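Here is a short briefing on one protein chain. Take a look at its sequence and its model, then read on.

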Amino acid sequence: MGNSALRAHVETAQKTGVFQLKDRGLTEFPSELQKLTSNLRTIDLSNNKIESLPPLQIGKFTLLKSLSLNNNKLTVLPAELCNLKKLETLSLNNNHLRELPSTFGQLSALKTLSLSGNQLGALPPQLCSLRHLDVVDLSKNQIRSIPDTVGELQAIELNLNQNQISQISVKISCCPRLKVLRLEENCLELSMLPQSILSDSQICLLAVEGNLFEIKKLRELEGYDKYMERFTATKKKFA
């Protein structure tokens, strides 16, 4: 991609606050963006070949609300990313991330987090510090179990489809705002699904197709009628 084309994108972004450069074969984060650290509200560099984010630059986009780097080659995220106090949407689907920075909980405005198609081996505990988090997509990772810390999660929707989950902490029933729990295509035995999800949680949409049990067996569990009451009430609300 020529310098003049990049310059044109930078000039446009200066006026609009939006920098979008997808499908351009970029191998690094454009250094030209450092001129726009106080302008940009949205950066979308999806479908490139970016392997890392520049630590000294990335934390300076103080007004940034949305950052998308789907379909790149990121293996780690710099701690400086967590300085983005206004960031509401972070989309990093289909990269090579194994973990999140320990300071990730400092992204205090974050509402939507998409990490589908990475290499996370565990549910990141840092997510439990994010008080405004609404939607978390961790599908298509390598997560094997859901630990007790999940009870602190504030999310409304948690997508864990297509992982390797065989164990779930009963604490998932304590999530104060969790309404939608997606667990399709994992390694769950019915005996490993806490019954309190049905009888004693806020969850009103539980998706568990493609595990190691038949769905009709789920319907026989104690508490299923309570779950169906919540499910039906929610359906009516949105009908």
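The chain has an accessible surface of about 11800 Å², and 47% of this belongs to carbon and sulfur atoms. Accessible areas come from the Shrake-Rupley method with a 1.4 Å probe; for residues, only the protein chains shown count as cover. This is a predicted model: local features need pLDDT of at least 70, side-chain atom pairs count only at pLDDT 80 or more, and totals for chains, interfaces and linings use all residues. Residues are numbered from 1 along each chain as its sequence is written, and side-chain values use heavy atoms, with hydrogens and water left out.

**Overall build**

- The C-alpha atoms fill a box of roughly 65 × 30 × 30 Å, taken along the principal axes.
- Of the 239 residues, 48% are buried (buried means under 20% relative accessible area, exposed over 50%, partly exposed in between).
- The chain is divided into domain 1 (1–86) and domain 2 (120–238); such bounds come from an automatic or database domain assignment.
- The centres of the two domains, taken over C-alpha atoms, are 34 Å apart.

**The sheet**

- The chain has 5 helices and 11 strands (DSSP runs: helices are H or I with at least four residues, strands E with at least two, numbered from the N terminus).
- An open sheet is built from 9 strands in the order 1-2-3-4-5-6-8-10-11, with parallel pairing (two strands pair if DSSP finds at least two bridges between them).
- Strand 1 (18–20) and strand 11 (205–207) are the edges, each pairing on one side only.
- Strand 8 (residues 157–159) and strand 10 (residues 180–182) pair over 3 bridges in the parallel sense.
- L158 has L181 in strand 10 as its bridge partner.

**Salt bridges**

- The whole structure holds 5 salt bridges (a side-chain nitrogen of Lys or Arg within 4 Å of a carboxyl oxygen of Asp or Glu).
- D44 forms one with K22, and their closest N and O atoms are 3.9 Å apart.
- D44 sits in strand 2 (residues 42–44) and K22 in the loop between strand 1 and strand 2, 22 residues apart.
- D44 counts as buried at 12% relative accessibility, while K22 counts as partly exposed at 35%.
- R182 forms another with E157, with the closest N and O atoms 3.2 Å apart.
- R182 lies in strand 10 and E157 in strand 8, so this pair ties together parts 25 residues apart in sequence.
- R182 is partly exposed at 23% relative accessibility, and E157 is partly exposed with a relative accessible area of 23%.

Definitions and conventions: Buried means under 20% relative accessible area, exposed over 50%, partly exposed in between (1.4 Å probe, protein chains only).
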